[in-house]
Amino acid sequence: QRAVMWTSSSADTSSTLTRLIEVPWADPSVSFDDKVLQLFSTVDGLLSQLQFETVMESFAFALVCALVFRIVKAMACHPRINILPATIVQAADDLLHFCLSSGTIYCGVAAIGWLSFGSSYHAFKSFSAAIATQFALLLGELPEDWTDDARLVVYSVAFMAVMFYLSLNFLLAIIV
């Protein structure tokens, strides 16, 4: 059903899938090369339909982001609902520096986790895996068997303390 979403009609997708199913593999009167050609031309058509869907989803995402931006910008027309845009404009410089500082700390702690636990824990096997594990920590999910290793306990608690308590308080101090 997902392939039908953005195509010109569901009949196009249905006919493509029907052609894919109806390749005459058991018919000895059709040469093997013709069968393979029919298969690959049908698969090529299906792939082009899926590529078109991907482009349309990206376009829809960009359009919705632009609409949300316009709604926030339109809030500036009235002084009482201008609080959000005015706060963002006033705190933009401090927010930029906060994001840079938090990103540096986040990546630094991810490197520590990767180098310390990468060989013994699958969740820290690479730098990108360590970043994903830290994001899961931010959401409250702890690594498996995290209480078995005292170093991992200290790492997890220290990361949550730094990111939750310090960074969150800094962010609130900037906005408020």
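I started with Y165, which counts as exposed because its relative accessibility is 59%; exposed means over 50%, buried under 20%, partly exposed in between (1.4 Å probe, protein chains only). This is a predicted model, so I kept in mind that local features need pLDDT of at least 70 and side-chain atom pairs pLDDT 80 or more, while totals for chains, interfaces and linings use all residues. Numbering runs from 1 along each chain as its sequence is written, and side-chain values use heavy atoms, without hydrogens and water.

Next I looked up where Y165 sits: helix α6, residues 150-175. Helices here are DSSP runs of H or I, at least four residues, numbered from the N terminus.

Then I went inside. The largest nonpolar core has 13 residues, and F117, Y121, F124, L137, L152, Y155 and F159 have the most contacts in it. A core joins buried nonpolar residues through side-chain atoms within 4.5 Å. Helices α4 (92-117), α5 (127-138) and α6 each give two or more residues to this core, and α6 has the largest share, five residues.

I also checked L137: beyond four places in sequence, L137 touches residues including Y155, F159 and F164 (contact: heavy atoms within 4.5 Å).

Last, the whole chain: six helices, zero strands, and 20% of the 176 residues buried.
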